[in-house]
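Keep the structure in view while reading.

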Amino acid sequence: MDDRAHGTAGEESLEAVLERAALGDREAFARLWKRFAGDLLRLCRRMLDSDAEAEDARSESFLRAWQAFASYDRARPFRTWLLSVAAHHCVDRLRRRAGEGRIFDSAELDGALPSGAPGPLSAALLQEQSGRLQDALAAQPARFRAVLALRYFAEMRYAEIAAALGIAPEQVGVLLFRAKARLRATLAQELRR
């Protein structure tokens, strides 16, 4: 859904809220927080290794967006710009870390089976596969985790990922190719053990 769409009856359109936020209206920015906080938290959780750190990153990302709001190009969708701010912040956090963490929250994967899921054996196999994938992703360098999270979890297009990471759009495809190849190799190595 385009984040520039008009609100429903009685609800202010995103465009109107952005106009007010551009004038420094804190209440308008609070509305933006309410609307996009969930998207930011999901992205931060996938890029960082703890709920607490993801919540901190979400808050810091939103503060940075507030401070840099004058640089927001109104020709771009706001959600994309906001997720780009968050992605940059998370990549910076990952670079500062001594050891790399996981993209996924373990608790999120533990309850991943829908109701009416297959029997206990299938559930155990699915959980084992999820664990392997989680471990393989955790073993990847930050730049590969970032590009995978932005593409497959934030569902950004190549141009949006390029803008978020400050790279050329052609590099996104190369990074994704390398990240997936490395992920496959890690998973294959795990299976041989």
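A residue counts as buried under 20% relative accessible area, as exposed over 50%, and as partly exposed in between (1.4 Å probe, protein chains only). The model is a predicted one, in which local features need pLDDT of at least 70 and side-chain atom pairs count only at pLDDT 80 or more, while totals for chains, interfaces and linings use all residues. Numbering starts from 1 along each chain as its sequence is written, and side-chain values use heavy atoms, with hydrogens and water left out.

The chain has 9 helices and 0 strands, where helices (H or I, at least four residues) and strands (E, at least two) are DSSP runs numbered from the N terminus. Of its 193 residues, 39% are buried. A contact is a pair of heavy atoms within 4.5 Å. Of the contacts in the chain with a separation of 6 or more, 67% are between residues 24 or more positions apart. The chain exposes about 10,700 Å², and carbon and sulfur atoms supply 53% of that area; accessible areas come from the Shrake-Rupley method with a 1.4 Å probe, and for residues only the protein chains shown count as cover.

A disulfide is a pair of cysteine sulfur atoms within 2.5 Å. The whole structure contains 0 disulfides. For cysteine 44, the nearest cysteine sulfur is that of cysteine 90, 3.6 Å away, and cysteine 44 is in no disulfide. Cysteine 90 is likewise in no disulfide. Cysteine 44 counts as buried because its relative accessibility is 0%; cysteine 90, with a relative accessible area of 0%, is buried too.

Side chains of opposite charge can pair when their charged atoms come close. A salt bridge here is a side-chain nitrogen of Lys or Arg within 4 Å of a carboxyl oxygen of Asp or Glu, and the whole structure has 15 of them. One of these joins glutamate 53 and arginine 93 (3.4 Å, N to O). Glutamate 53 belongs to helix α3 (residues 51-67) and arginine 93 to helix α4 (residues 78-96), so the pair ties together parts 40 residues apart in sequence. Glutamate 53 is buried at 18% relative accessible area, and arginine 93 is buried at 17%.

Arginine 64 and aspartate 92 form another salt bridge (3.9 Å, N to O). This pair also links distant parts of the chain, with arginine 64 in helix α3 and aspartate 92 in helix α4, 28 residues apart. Arginine 64 is partly exposed at 29%, as is aspartate 92 at 27%. Elsewhere, salt bridges that share partners join Glu12, Arg20, Asp25, Glu27 and Arg31 into one network.
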